[in-house]
Amino acid sequence: MNCPTVDKLSQFTDNLLSKEEQHTIEMHVDSCKSCSKVVDAFKEENRFIEETLQTPLLPENFTDLILEQVEPYRKPKKIWRNATWKRVAVSAAGLVLAVGIGVTVNPSFAQFLGGLFSTDQVDDGLKMAADAGLIQRVDLQVEDQGLTFVVEDVIADSSRVSLSYKILNKNGKPMDTDLKFHESGNTVTASDQNGREIGQWGTSWQEGSDYGNIEFSMNNYSESENVTIRFDLVEMNGVKGNWKLEVPIDLQENRKLTKMVDLKNATSVHHGVQVQLKKLQTAPSTAALYFETKFTNDEQQNFEAAKLMLEDKFGKNIMNSLVLGDSTEIMYHIENEDGKVIYSTERTESEASGMLQGSGEDIGAAGGTKWVNSFVPKDENQLTFVLDGVYKTEATDISKTFKPDSIKKDPVVFDFKGNQLTVHSVKKPLFGEDKSVIIKLKGGMESPDASFGDWIAVDGEGNSYPTTYSGSVLNETDENGRHIAKFDLQLIGLEEVPEDLTLHLVSTRSYYPVENQWKVPLMGE
């Protein structure tokens with residue numbers, strides 16, 4: 001399946017989708033590193049919010065105390081709100097926005113001094129661009145039904161276009177900036193001077209702030225000189241109306257601030273995956289690495305041969321119902337001249353990766369994907385790319401035949417390349433409209449990004465059933481050093497637990513550390 005929108009991933013994280021959608025997306029997330037990062041970010045945000053909301057705010061007169069010392073600013077009208085935070089909602093596959101949250105300082109104070117781009121509601125890259133003078137005050141607005149939609153500031157460079165907006169009532173008081181794109185009918189689009197639509201975009205907001213933020217990624221639009229963003233809003237704060245606004249943006253001058261290092265297609269092959277580095281592009285708000293991954297010819301031939309064998313065994317219809325497909329990805333980090341890691345694609349809770357967003361686009365080659373990973377710019381004289389390992393989808397056929405009512409006495413265990421899952425239960429659900437049998441699996445994975453991919457179940461009469469699965473792999477490890485994993489396999493169409501059952505694992509997503517780290521100078525050498 002294609003990557004779901006991040007609005008969908010947000011709803012998935014909060015268990016707001018139908019059971020079928022939950023299973024389908026969870027199955028995809030387990031095999032897609034980009035979507036996994038988005039879901040992890042949402043989960044981490046939920047944990048952060050839960051902890052942060054218990055932190056006391058500064059005194060209500062804090063702004064007054066500070067403003068008494070600041071001249072020539074006038075005291076703004078105080079707007080006190082509960083520090084209830086709303087999450088990021090992003091509608092682009094593979095797009096991750098890192099939004100900083102600082103609940104212990106009232107956001108309106110920082111906004112009064114410098115607008116949205118001086119607050120922790122935006123990432124460090126946008127703050128750096130603001131400090132470099134790239135903010136353009138536009139103050140475009142449209143009014144209807146007593147509400148005014150205002151686009152205040154824009155920051156634009158070759159990597160992204162980011163704008164701040166406000167919603168004001170008839171008295172000029174800021175209102176909630178949640179535009180509820182996924183449910184209200186509101187739309188925002190962007191196109192360049194040639195009419196090309198800018199497809200990757202995201203929005204962020206937080207209660208307690210007067211501002212919302214809309215951002216378009218420009219990483220794949222190097223020829224765009226001008227962009228027009230069009231708002232077509234039909235509902236704000238529960239009020240129906242008509243707010244249409246166009247925001248023209250000239251990128252030509254700011255594009256001159258972009259620096260590009262041609263990496264001359266530096267290429268290396270590891271475990272059947274070819275990695276080719278294209279370029280490093282540095283703009284005021286973002287540093288972006290462009291690269292491609294794909295299978296070698298031998299690896300692709302092996303994959304296709306294994307896939308044909310599975311089709312002969314289970315039937316083409318069953319195989320087509322799965323998401324079995326060829327995909328490749330890499331794990332890497334970037335070091336400075338002292339060998340310190342300043343960027344990393346590794347999923348970690350202990351330290352920030354420095355990554356802002358990552359996106360992949362199918363290039364048609366075997367397992368081929370064109371990647372753009374963006375990071376907060378760093379003031380470094382030397383940067384070196386270091387490849388840590390590769391991910392690839394592999395066809396396999398590991399099977400176990402068992403009697404569901406005997407698994408307590410005769411445990412059923414799947415072992416594959418250091419990963420281990422045990423069948424915990426096989427049951428028909430007690431509630432819900434879908435009565436398909438569910439198999440619960442528990443165990444451990446070698447990596448939090450590893451995945452048992454696609455499964456097929458066959459009953460004692462030889463009938464085959466495709467599956468969907470949901471679950472999680474934690475950063476927490478068990479006594480064997482494996483990452484704790486729990487999965488639910490739903491056997492589509494099988495509504496009674498059979499006496500005999502054979503479970504086939506037909507694909508996996510595996511991680512292979514490189515035998516010798518591949519290093520490529522990105523700048524300074």
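How many helices and strands does the chain have? There are ten helices and 25 strands, where helices (H or I, at least four residues) and strands (E, at least two) are DSSP runs numbered from the N terminus. This is a predicted model, so local features need pLDDT of at least 70 and side-chain atom pairs count only at pLDDT 80 or more, while totals for chains, interfaces and linings use all residues. Residues are numbered from 1 along each chain as its sequence is written, and side-chain values use heavy atoms, with hydrogens and water left out.

**View 1. The whole chain, before we zoom in.** Of the 525 residues in the chain, 53% are buried. Here, buried means under 20% relative accessible area, exposed means over 50%, and partly exposed is in between (1.4 Å probe, protein chains only). Now for contacts, meaning heavy atoms within 4.5 Å. Take the ones between residues at least 6 apart in sequence: 66% of them join residues at least 24 apart.

**View 2. Phe385 and the residues around it.** Look for Phe385 in strand β17, which covers residues 383-402. Is Phe385 buried or exposed? Phe385 is buried, with a relative accessible area of 0%. Leaving aside neighbours within four places in sequence, Phe385 touches Leu277, Leu289, Ile330, Tyr332, His333, Ile334, Trp518, Lys519, Val520 and Leu522.

View 3. Staying in β17, we come to Lys400. Lys400 is partly exposed, at 32% relative accessible area. Which residues does Lys400 contact, leaving aside neighbours within four places in sequence? They are Val412, Val413, Phe414, Leu501, Thr502 and Leu503. His504 is 104 residues away from Lys400 along the chain, yet their C-alpha atoms are separated by 6.7 Å.

**View 4. Gln490 in strand β24.** Gln490 sits in β24, residues 483-491. Gln490 counts as buried because its relative accessible area is 2%. Once neighbours within four places in sequence are set aside, the contacts of Gln490 include Lys19, His23, Asp434 and Ser436. Val437, Ile438, Pro466, Thr467 and Thr468 are also among them.

**View 5. Asp123 and Arg160, a salt bridge.** A salt bridge is a side-chain nitrogen of Lys or Arg within 4 Å of a carboxyl oxygen of Asp or Glu. The whole structure has 22 of these salt bridges. In this one, the side chains of Asp123 and Arg160 meet at 2.8 Å, N to O. The pair links distant parts of the chain, 37 residues apart: Asp123 is in the loop between α5 (107-114) and α6 (124-131), and Arg160 is in strand β4 (residues 160-168). Both partners are buried, Asp123 at 10% relative accessible area and Arg160 at 4%.

View 6. Glu152 pairs with Arg137, and their closest N and O atoms are 3.6 Å apart. This pair also links distant parts of the chain: Glu152 belongs to strand β3 (residues 147-156) and Arg137 to strand β2 (residues 135-144), 15 residues apart. Glu152 is buried, at 6% relative accessibility. Next, Lys180 forms a salt bridge with Asp178, with 3.2 Å between the closest N and O atoms. Lys180 is partly exposed at 32%, whereas Asp178 is buried at 11%. Salt bridges with shared partners also join Arg137, Glu152, Asp153 and Lys166 into one network.

**View 7. Two loop residues with positive phi.** Most residues other than glycine have a negative phi. Gln145 is not a glycine, but its phi is positive, near 55°. Where is Gln145? Gln145 is in the loop between β2 and β3. Asn237, another non-glycine residue, has a positive phi of about 55°. Asn237 lies in the loop between β8 (226-236) and β9 (239-250) and is partly exposed, at 34% relative accessibility.
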